[in-house]
Amino acid sequence: MGYDEAEGNVSLTGDVQAKLYPNPNNGSFTLAYDLKKNNEAEVLIYDVTGKMVYKTSLDNLENMKQININNLHNGIYFIQLIHDKNLLWTDKLIISK
């Protein structure tokens, strides 16, 4: 398991790299990623109660996705990359409008 202290994100497999920016943001941000050996993954965003509030798919050909969740309230959320029900990467997302 890799942990980047400067960035605060966790890669659970070591095979995936991802970064979201800006963070904190107003609900609109970019997710840059390299899924390495995985051809696709899902992005899941959860609120602090564990409720899923957003879901979308990624494919390894793009390496960047603009995500707009302006409908969510200010607060702390958790973003995850999942492949075949395996958690690949996770990070904290802060929305501040």
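Biologist: Among contacts in the protein chain between residues at least 6 apart in sequence, what share joins residues at least 24 apart?

Modeller: The share is 54%. Contact means heavy atoms within 4.5 Å. This is a predicted model: local features need pLDDT of at least 70, side-chain atom pairs need 80 or more, and totals for chains, interfaces and linings use all residues. Residues are numbered from 1 along each chain as its sequence is written, and side-chain values use heavy atoms, without hydrogens and water.

Biologist: Which elements does the protein chain have?

Modeller: Nine strands and zero helices. Both are DSSP runs, numbered from the N terminus: helices are H or I with at least four residues, strands are E with at least two.

Biologist: Why are β5 and β6 called paired?

Modeller: Two strands pair if DSSP finds at least two bridges between them. β5 (residues 40–46) and β6 (residues 52–59) have seven, so they pair. They run antiparallel. E42 stands opposite S57 in β6.

Biologist: What lies between the strands of that hairpin?

Modeller: Five residues. G50 takes a positive phi near 95° in this hairpin.

Biologist: How much of the protein chain is buried?

Modeller: Buried residues make up 40% of the 97. The label means under 20% relative accessible area, with a 1.4 Å probe and protein chains only.

Note on methods:
Buried < 20%, exposed > 50% of the residue type's maximum accessible area, 1.4 Å probe, protein only.
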